[in-house]
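Please keep the sequence and the structure in view while reading.

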Amino acid sequence: MLCVSIGRGRHRHVIAEHRHLVEQGARLVELRLDYLQSSINVKRLLADRPGPVVISCRRERDGGKSTLSEPDRQMLLRTAISEGAEYVDIEEDIAASTPRFGQTKRIISLHNFRQTPADLPAIHARMAALDADIVKIATMANQPSDNLRMLRLIRDSEIPTVGICMGDLGMPTRILAGKFGAPFTFATFHQERALAPGQLSFAQMTESYHYDDVAAATKVFGVIADPVGHSLSPLIHNAALLHAGIDAVYVPFRVPPEHLEDFLASAGEWDLRGLSVTIPHKEAVLDKLTDRDEWVDGIGAANTIVFDGPARRGYNTDCHAAMESLERAMSSDGAPATLSGKTALVLGAGGASKAIAYGLHQRGAQVVLTSRTLDRAKQLADRLGCRVVDWKSRHGVAPQVLVNCTPVGMHPNVDESPFDKHHLKPSMIVFDTVYNPESTLLVKFAREQSCRVVTGIEMFVRQAALQFKLFTGQEAPSDVMTDTLRRAIGPVKY
Ligand code: NAP
């Protein structure tokens, strides 16, 4: 179950948001009294409440906003108890002096905004002994393994425990709390109004992560990256899993490079079945794989890991997705879909170029690389045995296939193009890997010049769809993934 936190300055806004949330299906709501600016009237908030509540009045030292004197604050909590609030949040240090009364359940809470302490089980035991109905521990995650310690605590405790790791490193504990047996976890009313670091909104938790369906048997997939917050993979994979009726959830894991080894070693405990791998881990995962397909070796990077017992199998779906996308565009007018012998100019020499240039080379294309930093292009060209031109000379190549693997044109710099319009010819295929926006300036130029076009969205969805197949053994609902991605990115603004 989700408990949605409401923190508003005025009583009438709290009441209105509470009603709205209940209409949206929220079954439990936390009223954060410390956000109220006028004199706090607990009875008014509880009088006609449309559903069960948790009453909290957090002090500044616990990450809240209450400036009340401690006796006044505790009086508010006692009033909430005597008025029959379903739950009242009582900090550990005032638990002994706050008596139990009526049916109100006691949430004994502790917040630590600096770290996840090493002695979590001892802290939990101390709190459980304070006549707790529920223990709530919210701590800052400083490393991915903090999450697992918190989830273990939830799983192993006899008293229902709400365990949360805060911050973007801690996001997995919010999404997976129910899988490990937490009675509920917290979400915020709106994604721009998080009341604690890393908190997700009610809409994100329900629509993207279908939180209430995540249970002990739910399989876990995810993406590892650092940072990970911008990744659209959770959105489209979760939409696909939901559509396919698969009992699984796809989680964003922020894994700093120095924790990669540890994180992969703990895959079993997370119940991880598959991972998408992105910046900065695509190369670093190579020596941690037990098996890999030949493309991974050729490219020198993996973007997918499938876990099967102790086996960690690596794949690169970026490369296959790019080649399939290009071949589809080539055959769209009935022409043979062969890249063999075609001159393909690849702009950029980073991760995407590595996968795409390798694929083109394997398909027999004459690859020409160019990059702002010439040495990077030269290094890649040496591996593949292909030609390099310097960035300033790129318009002199006259390719049949042009692939942009630079971020030029990406939001917010949507009025930039890495290639001049006047050098685009109708016979060319233009592939822009940038997917936000879908209609980049380069794509727009290419359409104006009647070129065949492949967009970054097509590649992004294809690489995700191939991962979905590797993860689940089922064909991906690509249309659902595309629609979800387009909705998330929104219309292009020039
Ligand atoms: P990367 O490893 O950082 O490489 C970026 C490349 O672009 C480098 O060669 C870099 O040159 C060059 N570059 C950066 N800014 C430039 C500029 N202003 N002018 C000219 N060149 C510039 O990044 P990546 O992982 O390859 O990703 C590149 C792009 O591909 C991203 O924008 C992403 O949107 C797209 N992509 C799309 C998909 C998909 O599924 N559609 C998948 C992966 C990537 P320097 O070496 O000089 O910095």
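A pocket is an open set of grid points with protein on both sides within 12 Å along at least five of seven lines, and a lining residue has an atom within 4 Å of such a point. The model described here is predicted. The protein chain is divided into three parts: domain 1 (2–202), domain 2 (238–315 + 461–489) and domain 3 (320–454).

**Domains**

- A distance of 51 Å separates the C-alpha centres of domain 1 and domain 3.

**The largest pocket**

- The volume of the largest pocket is about 1600 Å³.
- Its lining comprises 47 residues, of which Ile279, Lys282, Gly351, Ala352 and Cys405 are the closest to the centre of the pocket.
- Two or more lining residues come from each of β9, β11, α14 (351–362), α15 (374–384) and α17 (456–472).
- Helix α17 makes the greatest contribution to this lining, with five residues.
- Sorted by class, the lining of the largest pocket holds 20 nonpolar, 19 polar and eight charged residues.
- The largest pocket lies between domain 2 and domain 3, because both of these domains give residues to its lining.

**The second largest pocket**

- Helix α8 gives the most to the lining of the second largest pocket, namely six residues.
- By class, 13 residues of this lining are nonpolar, twelve are polar and two are charged.
- Domain 1 and domain 2 each provide at least three residues to the lining of the second largest pocket.

**The cavity**

- How many cavities of 30 Å³ or more does the model contain? The count comes to one.
- The space in the largest cavity amounts to about 160 Å³.
- Eighteen residues line this cavity, and Arg32, His111, Lys136, Ala196 and Gln199 are the closest to its centre.
- Strands β2 (28–32), β6 (134–140) and β7 (161–166) are the elements that each give two or more residues to the cavity lining.
- The lining of the largest cavity is made up of seven nonpolar, five polar and six charged residues.

**A six-stranded sheet**

- Six strands form an open sheet with mixed pairing, in the order β10-β9-β11-β13-β14-β12.
- Which strands lie at the edges of this sheet? The edge strands are β10 (248–254) and β12 (291–292), each of which pairs on one side only.
- Helix α9 (residues 233–244) packs on the sheet and touches β9 (219–225), β10 and β11. The direction of α9 makes about 170° with that of β10.
- Within the sheet, strand β11 (residues 272–277) and strand β13 (residues 304–308) run antiparallel and are joined by three bridges.
- Opposite Ser276 stands Thr304, a residue of β13.

Terms used: Residues numbered from 1 in each chain as written. Predicted model: local features only at pLDDT ≥ 70, side-chain atom pairs only at ≥ 80, totals over all residues. Heavy atoms only, no water. 1 Å grid on protein atoms, 1.4 Å probe; cavity = no way out; pocket = protein on both sides within 12 Å on 5 of 7 lines; lining within 4 Å. Points joined across faces, edges and corners; volume = space filled by probe spheres on them. Helix = DSSP H or I, 4+ residues; strand = E, 2+ residues; numbered from the N terminus. Nonpolar A, V, L, I, M, F, W, Y, C, P; charged D, E, K, R; others polar. Pairing = 2+ DSSP bridges. Contact = heavy atoms within 4.5 Å. Axes fitted to C-alpha atoms, helices over the stretch in contact; angles between N-to-C directions. Domains from an automatic or database assignment.
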